[in-house]
Amino acid sequence: MDAIQASEATYPHPKPNPLALFKYSKRVLLKTLLMQEDGGLGCVGERIVIGGWVKSSREEKVELPNAAPSVADEQKGSAGQEDVSCVEILQTRIPLFRSLIKVFGGVTYIARPRLEAPPASPKPLPSIAYLQVSDGSCVSSLQVVVDSSLASPSQLLPTGTCILVEGVLKQPMIPGKHAVELKADKILHIGTVEQSSYVFSKKRLPLDMLRSCMHFRPRTTTVGSVMKVRSSLTFATHTFFQNNGFLNVQVPIITSTDSDGSREKFLITAISSSSYQEDPKLSKDRDNISLHFVKAAAKEKNALIEELKRTESNKEALAAAIQDLKNTNELALQLEAREKSKAGASMKADAIKSSQNPFIEKTYLTVSGRLHLESYASALGNVYSFGPRFCATRLESPKLLPEMWMTETEIAFSELQDAMNCADDFFKFLCKWVLDNCVDDMRFVCKRIDKASIDRLSSAASKPLAKVTYTEAVETLKKVDKMEVKAEWGFALTTEHISYLADEIYKGPVIIYNYPRDLKPFYVRLNDDGKTAAAFDLIVPKVGKLMSGSQSELRLDRLTKRIKELELPREQYEWYLDIKRHGAVNTSGFSFNFDLMLLFATGLTDVKDVIPFPRGLTKANN
């Protein structure tokens, strides 16, 4: 907590305007009341309208005192007694009337059974509902007191009920954790819940179970606080770049260019509804519709298994990859048999009809936007982009999903050191921003999720970043005996290597630069030694690699040579080569994994818990 207090002293948190109405719904946000220094005591007596959802509740019955009857009641009782006496007199004469009718009229009178009124059900005792209401604007909730004469407690008490009420702020009768409470006198709206199906009706759910109900999980305080930190970091990202003279450029999500030379990308196709219905088996095999595609996937999975066997750093991942390869091979056999028995029954993914393909060439969901940014940096100077990037990986990982948000930048007339300095400043700016602007939520995070979260941010924001070359990092790791996989020059650093460097050696964020050229994309500048490339990674504790950056290759001959060496389709990159042919400029930049920054800030361990609607291998249905 010392870090938060120091941050408040250095960067005073702006105080909200007391009881300011939210402009677009004419209600008071709870943060303007509950986050005041006195907890809202200065507003006692004010009439306000608030809206929110019930977090918890209780009901207290009100016992009515036994009061003496009034004069009016006594008079009413006397009159009633007289009326009853007259009725009784008439009732005593009824048998005589029946006898006379029978004698003179010859009519047999059948007496009807006397109907008695059912016993009146006891009137329910009046009660008072005490509701803990949150509107999501702050961690704290407001106690709302509602008399049963205003609304039935059965409607108000269930967790998740939405209410909009008007009332007067008062001090609680019994002092407690609430400085003020709202005594409601008008109910403007009640949004009831179906308790039998509402996920939060019975018990608190852990984060992994909340992932199955993503549309409800922001109602939890934990997810709500994390999303407010995310929103604040989004604003901070734009603030940093706008304040430092960068122009925001929206790069395309659909592209024909593979920016990283990666094979793990999403191919875009269009399948008409009629084509979809022609083959009933298509619904079962829609993800592996082509035998050619399945065999290619099997080849890639085989290579992945060999790589995992070499590192032996993740036995669970190896077992999963082996099982995945087995399933792929089985599917290939089934498709092969089906093609032999019924030629042409399956639609082939590599021969899609032009009417089913919205583009004249193969297009993909973008993996990176840095090549597109470079074209704008070559005209406008300093540019950045903030948006989703896609990776068609089939490996489950707590730090990798098919869709993740990235911040990417390109700086004109700059070299590798300039990009590293910008990355350093940007990272520290975000850490300070969270401490300065997310005080309430970070206190909750520190209490419920990770006690070291605030100290970790404070340390990262104030201490200078360590910077070492890849060669120095490998030499350091070679001296460590307890590594499962020995570090070797020329191979990618494993998760274990990265974690050890950040957590044990440098005990904080560290930049590793000048990687072997084969570990980086084709467009990265080749260093003078001919073996390393002008690239860097920022690694941080608890997360690993948070940022990757590089200086772009300016020399056209070197660039075309790399494209040929890596056997990349040159036609995809002709537009990019044009930038180098005409008015080329030195540029450098980086890609920053925004979602992983949330893990670093909050201490959560799975990226699915910091993304509003994470897209997973088995979850993309909302």
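**Salt bridges, buried and partly exposed**

Modeller: Happy to! Let's start with Arg 370, which is buried, with a relative accessible area of 3%. Please keep in mind throughout that this is a predicted model. The partner of Arg 370 is Glu 410, and the closest N and O atoms of this salt bridge are 2.6 Å apart. Arg 370 belongs to helix 11 (residues 370-380) and Glu 410 to strand 10 (residues 403-412), so their contact ties together parts that are 40 residues apart in sequence. Glu 410 is buried as well, at a relative accessible area of 0%. Buried here means under 20% relative accessible area, so the values of 3% for Arg 370 and 0% for Glu 410 both qualify.

Asp 537 has a relative accessible area of 5% and is buried. Lys 520, with 13% relative accessibility, also counts as buried. Elsewhere, salt bridges with shared partners join five residues into one network: Arg 211, Arg 217, Asp 606, Lys 608 and Asp 609.

For a contrast in setting, turn to Arg 58 and Glu 60. Their salt bridge has its closest N and O atoms 2.5 Å apart. Arg 58 counts as partly exposed, at 40% relative accessibility, and Glu 60 is partly exposed too, with a relative accessible area of 37%.

The whole structure has 2 cavities of 30 Å³ or more. The largest cavity holds about 60 Å³ of space, and its lining divides into 5 nonpolar, 2 polar and 3 charged residues. Of the 10 residues that line this cavity, Lys 486, Glu 488, Phe 491, Ala 492 and His 497 lie nearest its centre. The second largest cavity, of about 30 Å³, has a lining of 5 nonpolar, 2 polar and 1 charged residues. Among the residues lining the second largest cavity are Glu 396, Leu 400 and Pro 402.

How values were computed:
Residues are numbered from 1 along each chain as its sequence is written. This is a predicted model: local features need pLDDT of at least 70, side-chain atom pairs count only at pLDDT 80 or more; totals for chains, interfaces and linings use all residues. Side-chain values use heavy atoms; hydrogens and water are left out. On a 1 Å grid over the protein atoms alone, a cavity is a set of points where a 1.4 Å probe fits but cannot get out, and a pocket is an open set with protein on both sides within 12 Å along at least five of seven lines; lining residues have an atom within 4 Å of a point. Grid points are joined across faces, edges and corners, and a volume is the space filled by probe spheres set on the points. Ala, Val, Leu, Ile, Met, Phe, Trp, Tyr, Cys and Pro count as nonpolar, Asp, Glu, Lys and Arg as charged, and the others, Gly among them, as polar. A salt bridge is a side-chain nitrogen of Lys or Arg within 4 Å of a carboxyl oxygen of Asp or Glu. Buried means under 20% relative accessible area, exposed over 50%, partly exposed in between (1.4 Å probe, protein chains only). Helices (H or I, at least four residues) and strands (E, at least two) are DSSP runs, numbered from the N terminus.
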